[in-house]
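The sequence and the model come next.

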Amino acid sequence: MSLKYCQGPDCHTYHTQDRLKGPKGNKTNQTRRRTSLYYGEFCDTRCQYAWLSKYATMAVNHFGRLTEAKHLTEQNAWVKDYDWRTDDDSRRYFFINQITKEQRPLTEAQYNDTSYTLNER
Ligand SMILES: [Zn+2]
């Protein structure tokens, strides 16, 4: 399993025992690396916020800046939800429209599929 480096721009500047690495007498503070990082590309929220404050504007400009207000309508008001069935102790998955309150059933696979939506883009 390969190790991923934390993408925090200042990760190596924070003083913790686990960042201190290298041969005895020549240890340096180093960027954390892990097999999996709990905060996406970052080791903790401090590194996540450091990256955001440095790169958020560039990222928004790259991926597309919102230039007008979005409006919640019946066509884009679908959200996924679930509740517990009491009879067999399992989850019941469904879409619910935040405006009309209409519900439509969902499978667990559809619920977990982040690209599956009823919303118009
Ligand atoms: Zn970090």
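The chain carries 19 positive and 15 negative side chains, and the centres of the two sets are 14 Å apart. Lys and Arg count as positive and Asp and Glu as negative, with His and the chain ends not counted; each charge is placed at NZ of Lys, CZ of Arg, CG of Asp or CD of Glu.

The model is predicted: local features need pLDDT of at least 70 and side-chain atom pairs pLDDT 80 or more, while totals for chains, interfaces and linings use all residues. Residues are numbered from 1 along each chain as its sequence is written, and side-chain values use heavy atoms, without hydrogens and water.

The secondary structure consists of 2 helices and 7 strands, in the order β-β-β-β-α-β-β-β-α from the N terminus. Helices (H or I, at least four residues) and strands (E, at least two) are DSSP runs.

| Property of the chain | Value |
|---|---|
| Radius of gyration (over C-alpha atoms) | 22 Å |
| Span of the C-alpha trace along its principal axes | about 65 × 45 × 20 Å |
| Accessible surface (Shrake-Rupley, 1.4 Å probe) | about 9600 Å² |

A compact globule of 121 residues would have a radius of gyration near 14 Å, by the rule of 2.2 Å times the number of residues to the power 0.38. Of the residues, 17% are buried, that is, under 20% relative accessible area with a 1.4 Å probe and protein chains only.

Arg32 sits in the loop between strand S3 (28-29) and strand S4 (33-34). Arg32 is buried, at 14% relative accessible area. Beyond its neighbours within four places in sequence, Arg32 has contacts (heavy atoms within 4.5 Å) with residues including Cys6, Cys11, Asp18, Cys43 and Asp44.

Definitions and conventions. Buried < 20%, exposed > 50% of the residue type's maximum accessible area, 1.4 Å probe, protein only. Areas by Shrake-Rupley, 256 points an atom, 1.4 Å probe, with all protein chains shown as cover.
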